[in-house]
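Trainee: I would like to go through this model and ask what stands behind the terms used for it.
Mentor: Go ahead, one term at a time.

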Amino acid sequence: MMDAEELRRRTRELLAAHPPATTDRVDFLRARFDAGLAWVHYPEGLGGLGAPRSLQAVVDTELEAAGAPDNDPRRIGIGLGMAAPTILQFGTEEQKRRYLRPLWVGEEVWCQLFSEPGAGSDLAALGTRAVREGDEWVVNGQKVWTSSAHIARWAILIVRTDPDVPKHAGITYFICDMTDPGIEVRPLRQITGEAEFNEVFLTGVRIPDSRRLGEAGDGWRVAQTTLMNERVSIGGMRLPREGGMIGPVAKTWRERPELRTHDLHQRLLKLWVEAEVARLTGERLRQQLVAGQPGPEGSGMKLAFARLNQEISGLEVELRGAEGLLYDDWTMRRPELVDFTGRDAGYRYLRAKGNSIEGGTNEVLLNIVAERVLGLPAEPRTDKDVAWKDLAR
Amino acid sequence: MTDLLYSEEEEALRAAVRDLLTDHCDAAGVIARAESETPHSVALWKALADGMGLAGLLVPEELGGQGATHREAAVVLEELGRAVAPVPYLTSAVVATEALLECRADDLLSRLASATAIGALAVALDVAAGTAYQVVRFENGALHGELTGIADAAVADVLLVPADDGGLYAVDASAATITPQVSLDLTRPVAKVVLDGAPGRLLGDAEPAVRRALRAGAGLLASEQLGLADWTLTETVRYLKERKQFNRPVGGFQALKHRLAQLWLEVVNLRAAARNAADALSRGEDTDVAVAVAQAYAAPVAVHAAEEALQLHGGIGMTWEHPIHLYLKRAKADSIAYGTAGAHREALAELVDLRAP
């Protein structure tokens, strides 16, 4: 069994063989992957060593102390957090070997072609079609809210392959090459002025059957793995006190006494307490994961942070008074990642509005908590046994 | 490093206390006793304090206690909160004990730990650590004065009384006149204490002892509030799965599901805050902030949980027979006990340097 001591030894070997100061960033990351120190809980040969997930911290601490480069996990978040665990669970050996290494190193960015104009919260209603022609599938349709599509090399894609069965049964999961003909990415300008998301049009895109993940028609089950990983990815973070969005507003409060009012003081203290408590809940969740007893808390973390981010950033705009009437920059840009701290309060306020929609709306998440955690009866569904093609649209 | 989980030993302690409460503290019994002359359950206290030795959790072993920490006491309080148990645990085994620990009053600590005496700090229940409290007059070796809002004084054997000379005095309860007040919380009643030349034994300085006692009281009260909120949520979810209207279980209606999911989220957060406060008290690190955060968060959540439970139970929630009212009364009283959420936020403003205008 791989223990902390053994991992520390291997990490030091890696550092000795590839000194960070004199090694090219990508070369170092490739060597780290090949040494099994990328994600230690993954299998050997796929960037891991089959070690307990909790021991990753041992490796990360050693590498950070040595000044080793990281793989910029924020920029490749979709690949790391969603595509990788899905490929690991449902991919063929060949798929795992082809995709996981460049994904982790960050040489290839991933995006997620799930949501559609008519299928958001009701994701399984999706209408993008794929029809089999020999060893290929021909895809036609439109996806939306696609972060990183403009820089992505690959996408995880779900499409309808059988319209004659109920909606959850006729879906298939693919890996889609974003450089293929027939794929058009159009920026979708948002409330903040920038275009962090995209619309993606798929017209006659041909995907070889070897890029299917899981069985044809079993894509909904595969997608569940992706979605579950999307929602828990937020809870694992370790934050210091005032580490989240409360940090900038607390700093402004301390540095700008002329902006303070009694009303804002009460609201700030209340939110400060709630932010601290949410941080503690995240820490408790992390400790549970390390102890091998994952709790249901993860289902609620996204809800808590969505509300807090919105309220705190809203307060910050008000606190700034006359400055709150201004905005830093409406230029249409296409950022590679969401930069909450590099922009002004107004940006944070507007961008945070998406926190209760993206990755599952608050309303959908509350249903999930109510049904899966509290065991309350499920919403009545009128579309359960109806073929997708017969659903009213 | 902060440990926010429960150890195996703590879970075993929880199971033992819960078993005992199942046998000795059913809701119907608590309701019946609440209306009587003796709202406290002496039998339950004996079983907890004498039988299980829980009154001495915070007392060192050499004084006959368990030498445990606030983490274990917090687990006991979670269970007592779940049962709105009418016992002086928080007031005697935590608050009075902490005051005596500060004064190093070994003989009294031994008596409290062995459950041969119940102690009560003679400071009104609504006072927060670090704020002003009432004192009595010390004159010619005797104590004179009147104190109101003293929780669990009705069952106390010894009162710990702060006097105007800055001392904290131990007064035998039989030397005082203790008159029950009509309390909002029937399960933790408050009383008026009148001292008319009562003899007192000087224990030490009142200020540090009272401060320490009230801080521990506030910090561990969060665990009681957690237990209380957890019970109201669990019970409401159970009821809403059974109760049918419009030919569907009421718990299947989205408007209600969302309210319960929201409440669950608050309880999950409260657990982290309460554990953090108990852990900070046990380690003596970051204690003031941890306690203030826990109390600023706990009180509104516990009240919200009890109010939601009442509303979602419909008509039955308004009746005397159903125990929800006990939980609501305890939750509302708890929201004032050892300082309101607002008082703790005010303390935080200083502690974390977010000062008022």
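Trainee: What makes β6(B) and β7(B) a pair, and in which sense do they pair?
Mentor: This is a predicted model. In it, β6(B) and β7(B) are joined by 4 bridges and pair in the antiparallel sense. Pairing needs at least two bridges, so the term applies. One of the bridges has Thr179(B) with Lys192(B) in β7(B) as its partner.

Trainee: How do you know that β3(B) pairs with β7 of chain B?
Mentor: By the bridges again: 8 of them join β3(B) to β7 (residues 190–199), and the two strands run antiparallel. Gly145(B), for instance, stands opposite Leu195(B) in β7(B).

Trainee: How many bridges are there between β2(B) and β3(B)?
Mentor: There are 3, in the antiparallel sense, with β3 covering residues 142–151. Since at least two are required, β2(B) and β3(B) count as paired. Glu139(B) has Ala142(B) of β3(B) as its bridge partner.

Trainee: What is the order of strands in the open sheet?
Mentor: The order is β2-β3-β7-β6 in chain B, 4 strands with antiparallel pairing.

Trainee: Why are β2 and β6 of chain B said to stand at the edges?
Mentor: β2 (137–139) and β6 (177–180) each have a single partner strand, so each has one side without a neighbour in the sheet. As for the angle, neighbouring strands are turned by 15 degrees against each other on average, with direction ignored.

Trainee: Now the interface. Why is Arg254(A) with Asp353(B) called a salt bridge?
Mentor: The closest N and O atoms of Arg254(A) and Asp353(B) are 3.8 Å apart. The limit is 4 Å, so the pair qualifies. The count between chain B and chain A is 4 salt bridges. The rule for polar contacts finds 17 residue pairs across this interface, both residues at pLDDT 80 or more.

Trainee: Which elements of chain B give two or more residues to the side that touches chain A?
Mentor: They are α7 (206–242), β10 (248–249), α8 (254–283), α9 (287–312) and α11 (341–351). Of these, α8(B) gives the most, with 15 residues. By class, that side of chain B has 23 nonpolar, 8 polar and 10 charged residues.

Trainee: What is the area buried between chain B and chain A?
Mentor: About 3800 Å², of which carbon and sulfur atoms give 69%. In terms of contact, 41 residues of chain B meet 46 residues of chain A.

Key: Residues are numbered from 1 along each chain as its sequence is written. Chains are lettered from A and ligands numbered from 1 in the order in which they are written. This is a predicted model: local features need pLDDT of at least 70, side-chain atom pairs count only at pLDDT 80 or more; totals for chains, interfaces and linings use all residues. Side-chain values use heavy atoms; hydrogens and water are left out. Contact means heavy atoms within 4.5 Å. Buried area is the accessible area (1.4 Å probe) that two parts lose on being put together, summed over both. A salt bridge is a side-chain nitrogen of Lys or Arg within 4 Å of a carboxyl oxygen of Asp or Glu. A polar contact is a pair of N or O atoms within 3.5 Å; within protein, one must be able to donate a hydrogen and the other to accept it, and residues adjacent in sequence count only if both atoms are side-chain atoms. Ala, Val, Leu, Ile, Met, Phe, Trp, Tyr, Cys and Pro count as nonpolar, Asp, Glu, Lys and Arg as charged, and the others, Gly among them, as polar. Axes are lines fitted to C-alpha atoms, for helices over the stretch in contact, and angles run from 0 to 180 degrees between N-to-C directions.
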